[in-house]
Amino acid sequence: MPDCHSFCCDVPSSLEEFSQQTDMCMQTGIDLNLDFEVIFRATQDFFEENEEWMYEIARKFNKPILLEILPERHHYWVCKIDLANIDALGRPIENPTVQIDVESGKRFDITYLGEDGKQYNPTILHTSPTGSIERVLCAMLEKTAIEINERSPMLPTWLSPIQARILTIGEAHKEFADELYAKINASNIRVDVDDRDESVGKKIRNASKEWIPYIFVVGDKEMESGKFQVTVRETGEKVEMTVDELIDEINAKCEGKPFRKLPLPKDISKRINFQ
């Protein structure tokens, strides 16, 4: 699980850092296209001392949140926020979290030297901006189960293993498909070519099963015009595009996101076929 720990002088100094790290957790929801529900927990003493600050944090989400006040502290933390996704059965999948730990500094004899020359135990923030990778994938797949009646299930374009697929009608179109592949691949887009001796209909069905965001067919007409009917999975529409327009659209959806090249042969005919 991606996890980080921030050491603060005391509880008051941890509040500003908590706010910034909450923003970071919210951003992961935007990046992964996940809608978080929020549980905000605090001890009674902490809530009474920092009530307005807690309301300020809550207002960041611009939605109802669950606030839980504990009469006494039974854990290492005095305040924590949990961001959860709801699965298709209505159960929470807890992912990002930020926690104010007031116990571990003393328990593990962690100290810092104050300006007055004395040793102090720090307050520690425990933060996971995403939660565990397994839970993130679980949340993304569960989201597709919820939305499956509204649109085709899919991962965000930037995270899709294959972002675009070129489908050849016949062997005569392979060279042109390879030229398109080279241009799209050079633009940091994971693209491949279905060059198998199969019907176009079967190739389209296979691409759909793999949740590929953009697919288009290359034949005589496309070779002459340089324009393609691109099936956009997100909307279910067929949109006429040039290869440059396709590149621009995919890059816009992936801007600022990490990228790795396709670790497979570009031609599907050259891949191992597991039956």
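Contact here means heavy atoms within 4.5 Å. Angles run from 0 to 180 degrees between N-to-C directions, with axes taken as lines fitted to C-alpha atoms, for helices over the stretch in contact. Helices (H or I, at least four residues) and strands (E, at least two) are DSSP runs, numbered from the N terminus. The model is a predicted one, where local features need pLDDT of at least 70 and side-chain atom pairs count only at pLDDT 80 or more, while totals for chains, interfaces and linings use all residues. Residues are numbered from 1 along each chain as its sequence is written, and side-chain values use heavy atoms, leaving out hydrogens and water.

Two strands pair if DSSP finds at least two bridges between them.

His 5 belongs to strand β1. Leaving aside residues up to four places away in sequence, His 5 touches Ile 124, Leu 125 and His 126. His 5 and His 126 are 121 residues apart in sequence, yet their C-alpha atoms are 4.9 Å apart in space. His 5 is partly exposed at 44% relative accessible area (buried means under 20%, exposed over 50%, partly exposed in between, with a 1.4 Å probe and protein chains only).

On to the other sheet: this open sheet has five strands in the order β10-β9-β11-β12-β13, again with mixed pairing. Its edge strands are β10 (191-194) and β13 (237-242), each pairing on one side only, and the twist averages 30° from one strand to the next. Helix α7 (residues 200-209) packs on this sheet and touches β9 (164-168), β10 and β11, with its direction at about 165° to that of β9. Strand β11 (residues 214-218) pairs with strand β12 (residues 227-232) in the antiparallel sense over three bridges, and Ile 215 stands opposite Thr 231 in β12.

Helix α9 lies across β9, β11, β12 and β13, at about 115° to β13. Helix α6 (residues 174-185) packs against α9 (residues 243-254) at an angle of about 35°, with the axes 10 Å apart. Leu 180, Lys 183 and Ile 184 in α6 meet Val 243, Asp 244, Leu 246 and Ile 247 in α9.

Finally, the cysteines. With a disulfide taken as a pair of cysteine sulfur atoms within 2.5 Å, the count comes to zero. For Cys 25, the nearest cysteine sulfur is that of Cys 4, 8.1 Å away. Cys 25 is buried, with a relative accessible area of 2%. Cys 138 is in no disulfide either, and the nearest cysteine sulfur, that of Cys 25, is 18 Å away. Cys 138 is partly exposed, at 33% relative accessible area.
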